[in-house]
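Me: I have a protein model to study. Can we go through its core, its helices and its sheet, one question at a time?

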Amino acid sequence: MKKINKILSNKSKITMDNYMDIVLYDKKFGYYQKKNPFGIKGDFVTAPNISNLFCEMIAIWLVSFWENLKKPNNFYFVELGPGNGDFCLVLLKSLKNFPEAFKAINIMLYEKSNRLKKIQKKRIVSKKVSWIKNFKDIKKGPVIFFGNEFLDALPIKQFKIINSNIFERYASLKKNKVNFFYEKAQKKHVNKLKNYKLLKNNGVIEYPEHGFRELEGVCKKIEKLNGGALFIDYGYVIQKNQDTLQSIMNHKFNNLGDNIGKADITSLINFSLYKRYFNYKNLYVENILTQSEFLQKMGIVERFKIVSKKMNISDKSNLYSRLKRLIDPNMMGENFKVIFAKNKKCNFSLAFK
Ligand SMILES: C[S@@+](CC[C@H](N)C(=O)[O-])C[C@H]1O[C@@H](n2cnc3c(N)ncnc32)[C@H](O)[C@@H]1O
């Protein structure tokens, strides 16, 4: 805590995205470098941590995509932000039921946190899996990207319109406490907001500077090598103009400026903005679905019935409560959305039509 304060006090003020980048990803003191945040003992639980059923639905979607691409002998699957590796482990296990697809797949994991990378390397031992630092390492296609709760972990910028002027949110350290404030925004940033038609309504405007930067390489690869990208995240479709930043520690809300390096910070994803971004990058975007719609169209309820048939009552009710958590509209079912962007030549749209 003291050391990360020092990093912040070296700078007189930093923009919100730089603040998030330091407190989450600083190589020594950042949250993702210091903690394994997943699971009951951590700070939060993600869909792959909740149930294998979730991962199996993505695995089936992936195999169908590969079939649609006419079963190439080699294809590349890139998981963005694999966390503790839960999803990849279930994917490998599920693909054993599809030997041809298993033979053809090359799994690449793209992870920023060295600590999580270590955990992944310890847990995932397979010749099928490698780690990449850069999308330039993806030389051949087709390539399919997947990120669960990847976009919401990326730093965002925040702006506000006051009397027709645009202000950007900054952080600074004052008497050992983080202080957030707004200052007039630079013209280059205002232009970006204009380009994306984000200045229509008053309130807080959130701009995923880092998300767009990361997706630049993703989109280029899809356009050049064929394939697509599937993202699942907590977010909304109709513009909110609200401050959606949220800090969590030990499964409880935390003030944004407290427990630096010990608490997670995420934002809600503006899915319609990402759709516009993908369209600008010359990709085709299918409908944005809720997680509930996507998983049910992929057959998660039927899968639950098959898997739970031979279970005792207690295991069955445990699995049922996990299924419910994933698809119930009042739980993750509607808060989480799914977006699929693909090469314009590609006609795969399973679950989206
Ligand atoms: C909220 S976690 C989600 C983990 C996992 N996908 C899951 O659903 O359990 C976000 C993940 O993205 C990684 N991450 C964040 N920013 C990244 C970046 N710029 N490049 C690669 N990985 C990143 C984090 O270290 C972490 O593994």
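Me: Which residues have the most contacts inside the largest nonpolar core?
Reply: This is a predicted model. Its largest nonpolar core has 52 residues. Inside that core, the most contacts belong to W61 and F294.

Me: How is helix α13 oriented relative to α14, roughly parallel or roughly antiparallel?
Reply: The axes of α13 (residues 300–308) and α14 (residues 313–327) come within 11 Å. They cross at roughly 170°. Angles over 145 degrees count as roughly antiparallel. Therefore α13 relative to α14 is roughly antiparallel.

Me: How many nonpolar residues does the contact of α13 with α14 have?
Reply: On α13, the contact includes I300, V301 and F304. On α14, it includes L319, Y320 and L323. By class, there is one polar residue and one charged residue, and the nonpolar residues number nine.

Me: Which strands are the edge strands of the open sheet of three strands?
Reply: The strand order is β12-β11-β13, with antiparallel pairing. An edge strand here pairs on one side only. That picks out β12 (252–254) and β13 (264–266).

Me: What is the bridge partner of I248 in β13?
Reply: Strand β11 covers residues 246–249. Three bridges join β11 to β13, and the two run antiparallel. In β13, I248 is partnered by D264.

Terms used
Residues are numbered from 1 along each chain as its sequence is written. This is a predicted model: local features need pLDDT of at least 70, side-chain atom pairs count only at pLDDT 80 or more; totals for chains, interfaces and linings use all residues. Side-chain values use heavy atoms; hydrogens and water are left out. Axes are lines fitted to C-alpha atoms, for helices over the stretch in contact, and angles run from 0 to 180 degrees between N-to-C directions. Helices (H or I, at least four residues) and strands (E, at least two) are DSSP runs, numbered from the N terminus. Angles under 35 degrees count as roughly parallel, over 145 as roughly antiparallel, 65 to 115 as roughly perpendicular and the rest as oblique. Contact means heavy atoms within 4.5 Å. Ala, Val, Leu, Ile, Met, Phe, Trp, Tyr, Cys and Pro count as nonpolar, Asp, Glu, Lys and Arg as charged, and the others, Gly among them, as polar. A nonpolar core is a set of buried Ala, Val, Leu, Ile, Met, Phe, Trp, Tyr and Cys residues joined through side-chain atoms within 4.5 Å. Buried means under 20% relative accessible area, exposed over 50%, partly exposed in between (1.4 Å probe, protein chains only). Two strands pair if DSSP finds at least two bridges between them.
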